[in-house]
Every structure is written in C-alpha cells, then in structure tokens.
Amino acid sequence: MSFLRCSVKHPSIVLIDAVTTLRELKQIHAQLIYGCLATDPHLCGQFIAAVALRNPTNLEYSIRVLDQCKSPTLFALNSLIRVHSKGPSPHSGFHFYRRILSSSDNLRPDNYTFNFLVRTCAALPGGGLGSSVHCAVIRHGFEQDPHIQSGLIFMYAEMGCLGSCHRLFSDISCPDVVCRTAMVSACARCGDIEFAKQVFDQMSERDPIAWNAMISGYTQRGKSRDALELFHLMQLEGVRVNEVSIVSVLSACSHLGALDHGRWAHAYIERNRLKITLTLGTALIDMYAKCGDTRKAIEVFWDMKERNVYTWSSALNGLAMNGAGEACLELFSLMKDDGIVPNEVTFVSVLRACSVIGLVNEGIKHFEDMKKVYGIEPQLEHYGCMVDLYGRAGQLTEALEFINKMPIEPHTAAWGALLNACKIHKNMEIGKLASRNIVELEAKNHGAYVQLSNLYAVNKNWDSVGYVREMMKSLGVRKLPGCSVLEVDGGVHEFFAGDHRTQPMSEEIKVMLDEISRRLKLAGYVANTEPVLFDIEDEEKEDTLSLHSEKVAIAFGLISLREGVPIRIVKNLRVCWDCHEVTKMISRTFAREIIVRDRNRFHHFKGGQCSCRDYW
C-alpha cells in the first residue's frame, strides 16, 4: 500500500516538474501546508523527493523540509542519497544513510538504498567507503540484486580493482544484460580488453552502452583499427549512435590519421543533427588537426557557438603541430582578447609554436608568463618544449644550462630533445651526455641508443656504432620497427620497414619503388646513408633506406589514390633525414601533396618544400 501511495503524486507536487524558482516552490509548499497535507509523511516524502530530483538547485530547501518532518520516509531519504550520488558532494549521501539506520520508525535500508550508495562510492575519489558498503550489502542480504551487482562492478572499476570485478562477475550465475554491460565497461576501462570482448561476444542482447564501452576501450588501448571496425558493425546492426560513440570514433581517427573515416563521422553528425557540444566540437577539431587538415579544424572551431579553454587549446595545438606557428600565436592573442584564461595545456601549444618558427625570446617570455601572470607552475612537458626551443635554434649550451637549472628532475623528453638537436648540429660531446642521462633514466629506451648510434654514424665512427649495438643486444634493447599507416578508400593499411612483400599489391609496390628510385636519380638524388646504423657498403645502405615504412606507404599511395588526392601517412617513429628529403623530391617529381605525421610533428610536403622548415 505504501508503494502505491508513493507512486500516485498529489497534483501540487506534479507541478514541481515545471517549477524554476524558489519562490514558486515555496508557493506549492504553502498550498500543502494550508491543506494540512504537509504532515502526511508520504506526501511530505514525495515533495522532498520531487524537489531534490527534479529541481536540484533547490536541494538545500528539500533538506530543510526533511529536517522539519517528524517521520521521514525511506523513499525521501533514498531520494536524497540518490541526488547526492550525482552531485558535486556525493559523500553527503552517507548522512542520510545514517539517518535511515538511526530512524525511530525502525526504517531499514532496501535495494534502492544500496544501489544509490554504491553509485555514491563510485563517484568518490579512490572509491571512498566502497568496501564497507559492499559489506553492508551482504549483511542486509542484497548481494544477489542484479542492479546492485552491476553497480558494484562499476564501483570497483572506478577504484581500479579489476580483480574484484572479476570475482563479482564469476559469482553471478545468470548475469543479465545490465550486469554484462557493466563488466564490459569495467574491463575496457581497466585495460582487460580481451576479456571485455569475450563477454561482449557472448551477449545475445547488446545495448548502446556496451557498444560504446568496447569502442572506447579499443580507442584508449591504441587499438584504433578495431575500434573503427566495431563501429561499422554497430552501424550494420542498426544500433543508435550517440555523442559517446562519435567521440570515441573521432579519437580513433585522430590516432590513425584516418581522415576519410573522420569526415564520415562528421557527416553523420550533420545528417542526424547531433548537437555540437563542447566535447564533440573539441573532438572534431582534434581529429581534423591530427589528420593534417588544419583548415577544416579551424572552420569547425569558428562554427562552434560555445568555446571553452579546451576548445581553444585543441585548435592551438592543431596549428602548432602542423607547423603553423604564426597562426597559433595569432589565435592565442585572440583567445586572451576573448577573456579565456589559458591553462597548462594551452602553453604547451604556445611554446611549440614558438619552437616551430624559431622565436626563442618570445618563447622565453611565454614560459615566464605562465607563473608570473597566470600562476601556472611549469610541468615536465613545458620544460621539454623549452629545451626543444633552444635546440632548434642551435643554442645547445643554453639548452643544457636550462636542463641543469630545472627545479625538478629532468625527464627523458628533455634529454631527448637535446640529443636530437645535437644530432642535427653534430655536437658529439653534449649528445653523448644527453644519451647517458636518458639511459640512466630508462635503461631500455631504444631511441637513445639509436640517436647515439646516429651521432657516431654521422662522424663515421663505426667502432662506436658497433659498441652501441652490442650494448643494445646485451641489455635486450630492441629497436622498435618503423610502421606507417595509410588510409585508402575507407580501408586502413599498415606498412612495416622492409616488409612490402606481405602486402596484397606487393608486386605493384615493388614496381613503383623502382620507378620512384629511377625518377629521383634522374633528378640528382643521392642517398643520405648516414642514418643507417650498419657499417656496410653504400649500395646496401641505399637498399635499406629505400624500404623504410613511409617510402613503402608512399609507393602504395601513388598506386592506389587517384591523382590530386593528398597522401596522408602516420608513422610511429621520427622520420629520418633521407626519407624527409626523398619525400620532398617525390612531392615535386610526382606533383603530389604528401602529409606525414611522425612521432614528433607534421610534415606537409608540396612542390618540393616542407612545412617543418627543414629542421631535423
């Protein structure tokens, strides 16, 4: 009978759904008091719950009404736990749980109580009292409630306790779709993507949350191709796509540099009239920027009706990484004029922009302004940008002094930026120092060994090259194989260094590589074999260089993409000097725009020129 009374609302209470001001709320409350209805514990409970849940800005008022109620109902107390679990102070929900336990009416917590308390714990940093609430669930006999089971799995996932998620899930004899979805989300979030996929595949019924969890999990674990394939399967099965799905897909496109997929996702947004929220708009900007289409990224940016510091920072980062340093600094000025206060992410982009165009003094000023003007303490990434700024300008001594004066322990990125600058400017002594420091910090950092070997190779010190290689073998350090990714007609293709024979069009690729070699030699190309780490004959070195992954990918792109379509490549390593020069020549001799995103930056090749200003 009590459930029936709670479910049928008084007409005055129904009006709360449309109430927007505290004054209107008080008028409704006055009507209840005038009609002698405010003393009815059930109606009072409905009023408290309606105010708290439908009008959370007036939460304090509902609590004051509760405090005046002699016998608050379990429904009212549960409602306040629920609303706090979703609010900025979830820990306050435990106050109402204690009121249930200490109630003079012998109230007992029910399944709703614990469902909301578990949500509360999931919202607390580190899980808060999660284990204690789990014990209370068992003590009160609700451990078999499917909603609470799902909530507990979600709670332990938020706490990072994947083992507890597995134990809970294995104890459930017949998990329902909600429980399986919670387990998929938990495993995807915590990195156990294989088990998440196993549970996902066993689900006879999948809701959008399960699909989104798997796509997001793949994206976060760097399995972007799997994320896009699953998204296409989601489309084929007619599952409704929402903002969460699209954001994950755009993130996967950003990682792969899959512009065609990203354009399709953007078209889907427009076709289905999805609202361009701050999150979705920022994801679109990031996707276009990381796929090398800065014009479209900035177009999306200016089309957004609302922009916050993250949106501005994403646009700034896109310009900086694509070599448009001047445009980045201009946009930064507009950002400040618009009253947007920059954050630490913003300054990473600003410092990179200064580095790209060689504005050392301006970069120093922005670095100093971080703390003096905006109260932002520089982080490791900012220090790394400053070392890169000095290094690009050839100020290696200043870069080393900057590292030595850092108030925090220098990290591998700072030493790595210095080591790369030493290779470009052929400074062996500082380069060896930088390499030693990287190895001390990360004994198996293959990049440090490779860069040091390159330094020795530049000076034709083959004995030292051999020594470094033997050191790598003895320590078990392996050079990461070069891999380049290219999107053609919606398909994403991977190419590894020296391994074009496994490709479906291997013969055509070999013919194109030979044609590229022939044309480049006619144009006067001579291979720069310094980056090759082996003391072998120059002819063999040329063969090794010709099969670098980006060159194989370019050959495939020339075969597969129609004339006039830019070749867009994403590489996992830094592009070597020879490949850089070869790509410039290919862009001229084949009249083709080529865009390469390597581990550090974008290189836009067109007409024999590169956007990176030939800094290496």
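Student: How many cavities of 30 Å³ or more does the structure hold?

Tutor: Good place to start, and please keep in mind that this is a predicted model, where local features need pLDDT of at least 70, side-chain atom pairs count only at pLDDT 80 or more, and totals for chains, interfaces and linings use all residues. Residues are numbered from 1 along each chain as its sequence is written, and side-chain values use heavy atoms, with hydrogens and water left out. A cavity here is a set of points, on a 1 Å grid over the protein atoms alone, where a 1.4 Å probe fits but cannot get out. The number of cavities of 30 Å³ or more is one.

Student: Which strand gives the most residues to the lining of the largest cavity?

Tutor: Lining residues have an atom within 4 Å of a point, and among them are Gly-257, Lys-290, Arg-568 and Phe-602. Two elements give two or more residues to this lining, strand 3 (567–571) and strand 4 (594–597); strands are DSSP runs of E with at least two residues, and helices are runs of H or I with at least four, numbered from the N terminus. With three residues, the top contributor is strand 3.

Student: What is the volume of the largest cavity?

Tutor: A volume is the space filled by probe spheres set on the grid points, which are joined across faces, edges and corners. For the largest cavity that comes to about 40 Å³.

Student: Where does UniProt place the feature "repeat: PPR"?

Tutor: The entry is unreviewed, and such annotations may be inferred rather than shown by experiment. In the model, residues 176–206 are 77% helix and 0% strand, with the end C-alpha atoms 11 Å apart. Residues 308–342 are 74% helix and 0% strand, with end C-alpha atoms 10 Å apart. The record places the feature at residues 176–206, 207–241 and 308–342.

Student: What kind of aromatic pair do Phe-200 and Trp-211 form?

Tutor: Rings of Phe, Tyr and Trp (its six-membered ring) pair if their centres lie within 6.5 Å; planes under 30 degrees apart count as stacked, over 60 as edge-to-face and the rest as tilted. Here the rings are 5.1 Å centre to centre with 85° between the planes. The pair joins helix 13 (residues 193–202) to helix 14 (residues 208–220).

Student: Is Phe-200 buried or exposed?

Tutor: Buried means under 20% relative accessible area, exposed over 50%, and partly exposed in between (1.4 Å probe, protein chains only). Because its relative accessibility is 1%, Phe-200 counts as buried.

Student: Which residue has its charged end over the ring of Phe-200?

Tutor: A charge sits over a ring if NZ of Lys or CZ of Arg is within 6 Å of the ring centre and within 35 degrees of the ring normal. The charged end over Phe-200 is 4.3 Å from the ring centre, and it belongs to Arg-206.

Student: Is Glu-205 buried or exposed?

Tutor: Glu-205 is in the loop between helix 13 and helix 14. Its C-alpha atom is 9.9 Å from that of Val-178, 27 residues apart along the chain. Because its relative accessibility is 54%, Glu-205 counts as exposed.

Student: Which residues form one aromatic cluster with Tyr-383?

Tutor: Tyr-383 is buried, with a relative accessible area of 6%. Phe-402, at 15% relative accessibility, counts as buried too. The residues in one aromatic cluster with Tyr-383 are Phe-367, Tyr-390 and Phe-402.

Methods. 1 Å grid on protein atoms, 1.4 Å probe; cavity = no way out; pocket = protein on both sides within 12 Å on 5 of 7 lines; lining within 4 Å.
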